[in-house]
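Here is a protein model to read alongside its sequence.

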Amino acid sequence: MKFENDFLFGAASASYQVEGAWDQDGKGPTNWDEFTKIPGKTFEGTNGDIAVDHYNRYKEDVRLMAEMGLESYRFSISWARIFPNGTGEVNQKGIDFYNNLIDECLKYGIVPFVTLYHWDLPLSLEKKGAWLNKDTVDAYVDYAVLCFKEFGDRVKNFITFNETVVFAALGYLAGAHPPGIENDAKKYFQVTHNVFYAHARALIEYKKLNQYGEIGLSHVFSPAFGIDDSEANTFAAMHANQYQFHWFFDPILRGHYPEYVVKQLEEKGLAPDWTTEELALIEQAAPLNDFMGLNYYQPQRVEKIEEAVEKRENTLENSTGAPGNPSFDNVYRTVLMEDKRYTKWNWEISPEAFVDGLEMIKENYGQIKLYITENGLGDEDPIIEGAVCDIPRINFINDHLVAVKEAIDRGVHIKGYYAWSAIDLLSWLNGYKKQYGFIYVDHKNGLERKKKASFHWFKEVIATRGEN
Ligand code: BGP
């Protein structure tokens, strides 16, 4: 495989997972600062108070990324560093931090790819109903505009939101993310709509500023496949894709919600409270998306449920929820299959399904520009004589890069690949036990950074554009 010169090789992170410094320099508290302190909510009570202290060590981290030859670094801004209360007073020190981080990237020619919202919401907004409250949308638009004005001269790639399905579903169906509510489908759909509306408004504001950069959003991409070709399971896959794929991609790229889902939600009284103005703005914004970011980890294998199951199990060991759980409407469940490969956390490893999924995007949404904004292997990395030998990660990323190239050759428009993650970081529910980075962080030794085997391997991949 050989990637074109304008294809970006990058790696990603998110503020809460790396920065630490949770109350340093005027940052306000967030929903996650509070949530992780509730007993039993995270693995062994881990939290991001210190994380890997990227806030104080960003220079060292960016230098290591530069040494790896990274062409782009995707990171998120913590809203509460900029607006400690979500709205109102601005914290200049927060702005200074991101200016410094951006400049540090640019110093080495690393393209900063900035996510505005990667789940850490200022606590004052969380307390007022978070994304259920349309005031949060107004506050978000103000925050986004401030970021465009402060950073848009040097940041040419903005992601408005990361993975709406995850924070909405884990927050309001599984109860595993803030605000920890279970089985409230009405609220879940309302949150998704409010986020799409916020995305639309931010896009329109961005374009008004004529900053000539790119803006889009990142969705988790977990295409559903039936466990066999039976009619029932083919239907289950179609249904899952309508709710988990089209519900998220259609409003962004087509400007309206999928009819199949809308009709069912209306029948069940679960349709969001939406106004014609909001729907019109979503439609108006659709052609303004410059790209779509895809976070791909695994596909879903689904089977139709014949008898409704009431019980829903959540496990901290697996943030996607225990396999076998029914969908919110009891139509299908996800299944582990004997002939598939899985990570230690039961996430399926399937570069083949990645290629099929990317083709699905092309069939449905044509030539929209895509960035793979996350892909990686969560593992407990083996340490042999002091060296971090993360060979399974090398194999995983290699196979997924081959899949990306295959999709490009089949005509899918993909312009970059961001490994999750640049550096080891806090896994939302699995603490520091589950690692993803090219750079190891030694928690027993003052958070010392170490290059993993994958660091040297990825450096070679970038240098040769994937040829070796
Ligand atoms: C994505 C999130 C990331 C990251 C990743 C791995 O859904 O955008 O922030 O956490 O998943 O997830 P986990 O840490 O649960 O393994």
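Q: Where is the place of S421?
A: Helices (DSSP H or I, at least four residues) and strands (E, at least two) are numbered from the N terminus. The peptide bond from W420 to S421 is cis, with omega near 10 degrees. S421 sits in the loop between strand 13 (414–420) and strand 14 (439–442).

Q: What should I know about how the model was handled?
A: This is a predicted model, where local features need pLDDT of at least 70, side-chain atom pairs count only at pLDDT 80 or more, and totals for chains, interfaces and linings use all residues. Residues are numbered from 1 along each chain as its sequence is written, and side-chain values use heavy atoms, with hydrogens and water left out.

Q: Which residue does a cis peptide bond join to P179?
A: Most peptide bonds are trans. P179 lies in the loop between helix 8 and helix 9 (185–208). Its cis bond has omega of about 5 degrees, and the partner is P178.

Q: Which residues lie nearest the centre of the second largest cavity?
A: A cavity is a set of points on a 1 Å grid over the protein atoms alone where a 1.4 Å probe fits but cannot get out; lining residues have an atom within 4 Å of a point. The second largest cavity holds about 100 Å³, a volume being the space filled by probe spheres set on the points, which are joined across faces, edges and corners. Helix 2 (31–35) and helix 8 (164–172) each supply at least two residues of its lining. Of the 13 lining residues, those nearest the centre are N31, Y117, E126, F167 and P178.

Q: How much of the ligand does the protein bury?
A: Polar contacts are pairs of N or O atoms within 3.5 Å; within protein, one must be able to donate a hydrogen and the other to accept it, and residues adjacent in sequence count only if both atoms are side-chain atoms. A side-chain N or O atom of S427 is 2.6 Å from an oxygen atom of the ligand, while a polar side-chain atom of H118 lies 2.8 Å from a ligand oxygen. Alone, the ligand exposes 380 Å² (Shrake-Rupley method, 1.4 Å probe; for residues, only the protein chains shown count as cover). The protein buries 95% of that.

Q: Is D379 buried or exposed?
A: D379 lies in the loop between strand 10 (370–374) and strand 11 (383–384). Its side chain makes a polar contact of 2.9 Å with that of K344. Buried means under 20% relative accessible area, exposed over 50%, and partly exposed in between (1.4 Å probe, protein chains only). At a relative accessible area of 9%, D379 is buried.

Q: Which residue's side chain does a polar contact join to that of N5?
A: N5 is in the segment before strand 1 (8–12). N5 counts as exposed because its relative accessibility is 67%. A polar contact of 3.5 Å joins its side chain to that of R465.

Q: What is phi of R465?
A: Most residues other than glycine have a negative phi. R465 lies in the segment after helix 15 (453–464) and counts as buried, at 10% relative accessibility. Its phi is positive, near 55 degrees.

Definitions and conventions
On a 1 Å grid over the protein atoms alone, a cavity is a set of points where a 1.4 Å probe fits but cannot get out, and a pocket is an open set with protein on both sides within 12 Å along at least five of seven lines; lining residues have an atom within 4 Å of a point.
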